[in-house]
Protein chains: 2
Amino acid sequence: MPRLVAPDMTETGWLEALPDLRPLDEPARALLSREAARVELKPGTVLFRPGDVCANFLIVLAGSVRVHLLSELGREIVLYRVTAGSTCILTTSCLIGREDYSAEGVTETAVSAVALAKPAFDALVAASPVFRDFVFHGFGTRLTDLMRLVSEVAFGRIECRLAEALIRHAPVGGTVPLTHQVLATELGTAREVVSRQLKEFERLGLVGLGRGRLEVLDTAGLRDLAAAASG
Amino acid sequence: MPRLVAPDMTETGWLEALPDLRPLDEPARALLSREAARVELKPGTVLFRPGDVCANFLIVLAGSVRVHLLSELGREIVLYRVTAGSTCILTTSCLIGREDYSAEGVTETAVSAVALAKPAFDALVAASPVFRDFVFHGFGTRLTDLMRLVSEVAFGRIECRLAEALIRHAPVGGTVPLTHQVLATELGTAREVVSRQLKEFERLGLVGLGRGRLEVLDTAGLRDLAAAASG
DNA sequence: CCCGCTCAGTGACTAAGTCACCATGAGGTT
DNA sequence: AACCTCATGGTGACTTAGTCACTGAGCGGG
């Protein structure tokens, strides 16, 4: 279980953990400190579902929120993750556009965050160029991510995408707990497809397989695969 | 050839054509009018390519800009269109994040637009809540669009997506000039796939086909197809 | 020890994308 | 008119991906 509140994240100190907000001027800093509510969430908490309306702006201080789309018939695809120091763009978008959520957000780990009600959010955006940049910049980053995702889903081979996902999720030759289903969800494909592809990777000596776990044996080999004709 | 400048879009009057900016306060309005440069573009003009850096914020007054991704090997997919009254979110994102473009933007028709250099854009965002909302709102809308696109590409059947595209592009039973290749690009698939599917639609009496043109015969039938298992 | 569960393996099938190639027709040229 | 060229679209054979239905292996709790 990860530490929820780092030593320097006291009631007033958490702001220091957000590098992009450090240049905040004093009035904005005071407003943010006063209005923001600390939130601690257990892993597996559903933050929002498609159709929910959005009430609060959220900045993640620690942990990871997974945002994914659900198909009508059980398939899923991970859109992006919100990690320490970033904001949930979908939440921002809903706040501003007064739209409903179109995806689902679930905490993957324990998550420490601050929440900001819409009026305070609006006031901060109006008052502080730094805060505005922070929000806008998050928007831009996610947008770029989503475009890359579209590109991968539309043009990329499963072989390459799986290799990339393995590199991302299993950095250094250690054994990681990853089921085929989780990888399938990651890529937006079916479990059987992942199983077959993984078996092929095993045959090539790139990975070792076991029930509910997986070991990357040849990162370079995977990288080659990922690079080949990936667009 | 569409009329480039509507009667009320005089040098000072084009602002009235943007409903979302009508509540602008007087100083912002003055700033916008003073700094914005009118631009007229011919159809087929490439506005930006992947890797380009971004210099200006752009608001489209009339016409349509198609923004699409290119795969390494010739395939394309349309991400969205920027039409009258809206802004190119990718441009905005690049301006703010100081990133390069990751897609290509081409005018589909003659396009009338206003351009705003970054300093003026920044000043307006800082000064005017209305302008800020305008920009943010565009962001949110596109974001939602992109998510829907991811969903369709990842989960949707070509049959359904093609039916939807036909409904979108050929509203009322008239004959429209649309090649199979254009439709394939629209959906991010291959021309052969579209050809075969269209032939099937023709067999079902849903469309009439001809060289370089296409007629929707049964919109309701297409709508049924589009609705069936589309996610 | 058995029950029930999650996780993975498999074969047969359908859908989609790829490749190579040909046929057609429209427009311009000589 | 005859010809050429090019964009368009038709087609078969093949590969890759996704679906469906089912089997079996491991694992923990009662």
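Residues are numbered from 1 along each chain as its sequence is written, and chains are lettered from A, with ligands numbered from 1, in the order in which they are written. Because the model is predicted, local features need pLDDT of at least 70 and side-chain atom pairs count only at pLDDT 80 or more, while totals for chains, interfaces and linings use all residues; side-chain values use heavy atoms, with hydrogens and water left out.

**Stop 1: the domains of chain A**

Select residues 14–153 of chain A for domain 1, then 157–227 for domain 2. These bounds come from an automatic or database domain assignment. The centres of domain 1 and domain 2 of chain A, taken over C-alpha atoms, are 29 Å apart. Where the domains meet, 8 residues of domain 1 of chain A are in contact with 9 residues of domain 2 of chain A. Contact means heavy atoms within 4.5 Å.

**Stop 2: helix H6 of chain A**

Next select residues 180–187 of chain A, which form helix H6. Helices (H or I, at least four residues) and strands (E, at least two) are DSSP runs, numbered from the N terminus. Leu183(A), Ala184(A), Thr185(A), Glu186(A) and Leu187(A) are buried in this helix. Buried means under 20% relative accessible area, exposed means over 50%, and partly exposed lies in between (1.4 Å probe, protein chains only).

What do the buried residues of H6(A) pack against? Their partners in chain A are strand E4 (64–70), strand E5 (76–83), helix H5 (158–169), H7 and strand E10 (213–216). After H6(A) comes Gly188(A), whose phi is positive, near 75°.

**Stop 3: Gln197(A)**

Move to helix H7 of chain A, residues 191–203, and pick Gln197(A) within it. Is Gln197(A) buried or exposed? Gln197(A) counts as buried because its relative accessibility is 17%. Leaving aside residues up to four places away in sequence, Gln197(A) touches Ile158(A), Glu159(A) and Leu162(A). For a distance to draw in the viewer, go from Gln197(A) to Leu209(A): the two are 12 residues apart in sequence and 12 Å apart in space, C-alpha to C-alpha.

**Stop 4: DNA strand D**

Select DNA strand D and the residues around it. How many residues surround DNA strand D? There are 19, and the closest are Thr189(A), Arg196(A), His180(B), Lys199(B) and Arg211(B). A residue is near a molecule or strand if one of its heavy atoms lies within 4 Å of it. By class, this surface has 3 nonpolar, 6 polar and 10 charged residues. Here Ala, Val, Leu, Ile, Met, Phe, Trp, Tyr, Cys and Pro count as nonpolar, Asp, Glu, Lys and Arg as charged, and the others, Gly among them, as polar.

- Arg75(A) has a polar side-chain atom 3.0 Å from a phosphate oxygen of DNA strand D.
- Glu192(A) has a polar side-chain atom 3.1 Å from a base nitrogen of DNA strand D.
- Arg211(A) has a side-chain N or O atom 3.3 Å from a base nitrogen of DNA strand D.

Now colour H7 of chain A and helix H7 (191–203) of chain B, the elements that give two or more residues to the surface near DNA strand D. H7(B) provides the largest share, with 5 residues.

**Stop 5: salt bridges**

The structure holds 25 salt bridges over all chains. A salt bridge is a side-chain nitrogen of Lys or Arg within 4 Å of a carboxyl oxygen of Asp or Glu.

Show Arg29(A) and Glu26(A), whose closest N and O atoms are 3.9 Å apart. Arg29(A) is buried, at 16% relative accessible area, whereas Glu26(A) is exposed, at 53%.

Then show Asp145(A) and Arg148(A), which meet in a salt bridge at 3.0 Å, N to O. Asp145(A) is partly exposed at 22% relative accessibility, and Arg148(A) is partly exposed at 45%.

Last, go to chain B, where the side chains of Lys118(B) and Asp122(B) form a salt bridge (3.1 Å, N to O). Lys118(B) counts as partly exposed at 23% relative accessibility, and Asp122(B) is partly exposed at 34%. Back in chain A, salt bridges that share partners join Glu16(A), Glu26(A) and Arg29(A) into one network.

Key:
A polar contact is a pair of N or O atoms within 3.5 Å; within protein, one must be able to donate a hydrogen and the other to accept it, and residues adjacent in sequence count only if both atoms are side-chain atoms.
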